[in-house]
Amino acid sequence: MFGYYLDLAFHSLRLNKVLTALMVLAIAVGIGASMTTLTVVHLLSGDPLPGRSQFIYYPQVDADTKGKDSKEPLDMLDYQSAVDMWNAKRADRQALTVQSMVRLNPGDAVKSPVLTMMLSTTTDFFTMFDVPFRYGGPWSGQDDVARSRVAVITDDLNQKLFHGENSVGRTLRLRDSDVRIVGVLKPWRPSPQFYAVRGGRFADGDTSDFYSKPENIITPFFSGLEINDGNFQQFTCWHLPERAGHLVNSPCAWVALWVQLNDASKVADYRRFVADYAAQQMALGRFTHAGNTRMRSLMEWLDFNGVLPGDVRLQAWLAVAFLAICLLNTVGLLLAKFLRRSGEIGLRRALGASRVSVFAQYMVEAGMIGLIGGAFGWLLTLLGLWLIRQQPVAYADLARLDIPMFTLTFLAAIGASLMAGLLPAARACRVVPAWQLKTL
Amino acid sequence: MHFAPILAALRRHRLATALIALEIALACAVLCNACFLIIGQIQMLHLQSGVDESSLALVHLDCDGCNGSSLNARVMSALKAVPGVQAVAAVNAAPFSERAGDNGITLDREHYVAVPHFYLGGPGAAEAMGLKLVAGRTFQADDFRPADIWLPPDTPVWITRSFAERLWPGQDPLGKEFWSDKFHLRVVGVLAHLARPDPGGRRGADAAEWSVFAPLAPGTVLNGVYIVRAAPSDLPRVLREARDAAQKAAPEAVLNLAQSRTLPDLREDFFRQTRVMVGMLAGVIVALLLVTSLGIVGLASFWVQQRQKQIGIRRAIGATRGDILRYFQAENFLIVSVGIVIGTVMTFALNLILMKFYEVPRLPLYYLPVGALALWGLGQLAVLAPALRAARVPPVVATRSV
């Protein structure tokens, strides 16, 4: 029966090419626009550490002497608190992170000095965040405390400087220091660059920079502070620091601490630890208020920061509204098409076709329109994503169609057209045979 | 024109009528709001920066651990030697460049009231940029004092008219004081315009000109960024030579190529995303109108075909072609009007949602009549071809197979 319906559908689609083209166009344009934006939303709002993110937490205490307990604590930690909590080693893993712009001096591989972003962190960063290595590996915990002059570089930088060769053991000259490369990463592109997310609530939806590429150079935390002293940026300060760019023991928030806690009891313990730490600092007179502590999981933190850029959300809503209009339009056209064939329906019914089979026949036809519309919609989605890749935004290189979204494009197109076909098909199968036959 | 028979006929096609009306309503809601967003963005594109953009370029050196005074002396004399350069001055930023200093300010040393952007400029910077003072005095030579971390303890400043209005609504800002951390600032001049380096975004149009301009002697704090003035026709060449000259004068510094551009180029880059958004919204509007009108054409042609016989009968009993044409146009007008009524409600609902989540301002009322006119026009255009076809139905059709 299905084959016969397909045959009928083909015949009917060929019968009125203009109407068919209009419907296919409406579905294709609606699907193209909505799938383009939904793909971007899907790519930008995913879990950057699937299977692992639920163990990662971001503790916050509030050293701001001007703040109050009723407010959200600052998005980053002051140096003292961050290092104290890191030193306590109460979590399964812990990593301090701070970013800075550093000068990469001319050496064997670099021609003229360039400025590049450097991440300074502690060795657990790599295991905690599952960072893949191509050559070498992370530095040791010993390197962290000994302030060794070592570095891990990204695949990108390794391609640029060493043409992708194994560069472990070579040196880079960062500002006035020589650092030895101990590891080279495989291409690694977390989306978003989750460990650098902060301050989203002050960005007014302008959060596309959260999707930047990772820093080219990664050095041990304390080594980084020494190498690049004077070039650190504060998240905010409650008093002016004495020396710009030198923020150790300054009244500024500028360091992040990430911890991994492998089970629920440890999470509760760590929360208590953070609260106790704040209370103890208040007793010591360093904090003026202590109740303002938080510890969000990675996904909660991303959510709190509203990582999805406002533009992207607005576009997604517009596209969905647009799809709704396209569908409504398709409903109207299908209705016109089906009811125009009332005579044919009457004849089929008079010859013994049941209402169900008339309904099924028209749904097959609607689904067929969806399939063809989906194919064109898929092409339009590819075009839309290509247009997004041409934009000067940090997430441009991420805009590609993956398999689930590819499948969804067709499912959405067929689903949408079936939905659009529902009402007209129901109308069509209620045609009374006698009325139509009379006028044939 | 009698509407009664049209209404009677429409009652027999409730579903199709409702579909078209709903489509019009949705189109109305999306159309009005998208147009409103576009116009907001276009206004942003025409933002006045308050400086003579077409004659200005920025040269930006990153010099880590350099002696600021020595760097300034070398680079500024090298820049002044470039043929065609009319003026050179040390600044910390320019409109559309990288931000250099957002700082919260207080009026009472206690409560923060706003976060403006602080422009710092050395001698001649205000003149080179072409800032227009509307009240107050120009800076004197002794206003340019050195500082070692941010500003001198007491600084005379200029602020923009719109920022003055934010701080002291309806009052004369001249002579007023405010604080940034422990630094005391006194307003000695009011600028017509001076945009922040990053105006707009969702910070809103109001905050686009929250700028403070403070004089400072070039040195420890103020170094590495220079504004270069030249005739607009010379500017690209001057910038090229100025970049080379600066790099040659300070080989230890890194020339920041992305920031060492002409102001028109920086502006172009800054607004690229806005233009993409305008293009996208315009695309949505065009596609939307197209889809809606195609829907009307489709349904109207179906109706015409379905009612061939009735049309024939009407023609046979004396209706003219014009009558038939007017009938279909009046019908379309009625349906579109219903759609617009529903659409009005949906338009404001959508605007409320946008206001809540995207800090879009309230949609002005005049968008509705304009949108309504557009949709009526669109409906009439879309129905024209089917209606003309209907009018061509010969009376003889009525006699067939009845």
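Modeller: A charge patch is made of residues with over 30% relative accessible area and no salt bridge, with like charges joined within 9 Å. The model discussed here is predicted.

Colleague: Which residues gather in a patch of positive charge on the surface?

Modeller: The patch draws on chain A as well as chain B. Its members are Arg355(A), Arg427(A), Arg430(A), Arg11(B) and Arg14(B).

Colleague: Is Arg11(B) buried or exposed?

Modeller: Arg11(B) sits in helix α1 of chain B, which runs over residues 4-11. The cut-off for exposed is over 50% relative accessible area. Arg11(B) has 55% relative accessibility, so it counts as exposed.

Colleague: How many salt bridges are there over all chains?

Modeller: A pair counts when a side-chain nitrogen of Lys or Arg is within 4 Å of a carboxyl oxygen of Asp or Glu. By this rule the count over all chains is 30.

Colleague: How many residues apart in sequence are the parts tied together by Arg52(A) and Asp130(A)?

Modeller: These two side chains form a salt bridge, with 3.8 Å between the closest N and O atoms. Arg52(A) is in the loop between α2 (17-44) and β1 (56-60) of chain A, while Asp130(A) is in the loop between α4 (124-128) and β4 (133-136) of that chain, so the pair ties together parts whose separation in sequence is 78 residues.

Colleague: Does Arg52(A) count as buried or partly exposed?

Modeller: Buried would require under 20% relative accessible area. Arg52(A) has 22% relative accessibility, so it counts as partly exposed.

Colleague: Which residue forms a salt bridge with Asp75(A)?

Modeller: The closest N and O atoms of this pair are 2.4 Å apart. The pair links distant parts of the chain, 126 residues apart: Asp75(A) lies in the loop between β1 and α3 (79-88), and its partner in the loop between β7 (177-185) and β8 (217-220) of chain A.

Colleague: At what N to O distance do the side chains of Asp234(B) and Arg237(B) meet?

Modeller: Asp234(B) is partly exposed, with a relative accessible area of 26%. Arg237(B) also counts as partly exposed, at 26%. Their side chains meet in a salt bridge with an N to O distance of 3.6 Å.

Colleague: How far apart in space are Leu308(A) and Asp206(A), C-alpha to C-alpha?

Modeller: Leu308(A) lies in the loop between α9 (298-304) and α10 (310-340) of chain A. With a relative accessible area of 14%, Leu308(A) is buried. Leu308(A) and Asp206(A) are 102 residues apart in sequence, and their C-alpha to C-alpha distance is 8.8 Å.

Colleague: How far apart are the end C-alpha atoms of residues 21-44 of chain A?

Modeller: An unreviewed UniProt entry annotates residues 21-44 of chain A as "transmembrane region". Over this span the chain is 100% helix and 0% strand. The separation of the end C-alpha atoms is 34 Å.

Colleague: What percentage of residues 284-395 of chain B is helix?

Modeller: UniProt, in an unreviewed entry, places the feature "domain: ABC3 transporter permease C-terminal" at residues 284-395 of chain B. The end C-alpha atoms of this span lie 43 Å apart.

Note on methods: Residues are numbered from 1 along each chain as its sequence is written. Chains are lettered from A and ligands numbered from 1 in the order in which they are written. This is a predicted model: local features need pLDDT of at least 70, side-chain atom pairs count only at pLDDT 80 or more; totals for chains, interfaces and linings use all residues. Side-chain values use heavy atoms; hydrogens and water are left out. Patches are made of residues with over 30% relative accessible area and no salt bridge: like charges are joined within 9 Å, nonpolar side chains (Val, Leu, Ile, Met, Phe, Trp, Tyr) within 5 Å. Accessible areas come from the Shrake-Rupley method with a 1.4 Å probe; for residues, only the protein chains shown count as cover. Lys and Arg count as positive and Asp and Glu as negative; His and the chain ends are not counted. The place of a charge is taken as NZ of Lys, CZ of Arg, CG of Asp or CD of Glu. Helices (H or I, at least four residues) and strands (E, at least two) are DSSP runs, numbered from the N terminus. Buried means under 20% relative accessible area, exposed over 50%, partly exposed in between (1.4 Å probe, protein chains only). UniProt positions are given in the numbering used here, feature names are shortened, and annotations may be inferred rather than shown by experiment.
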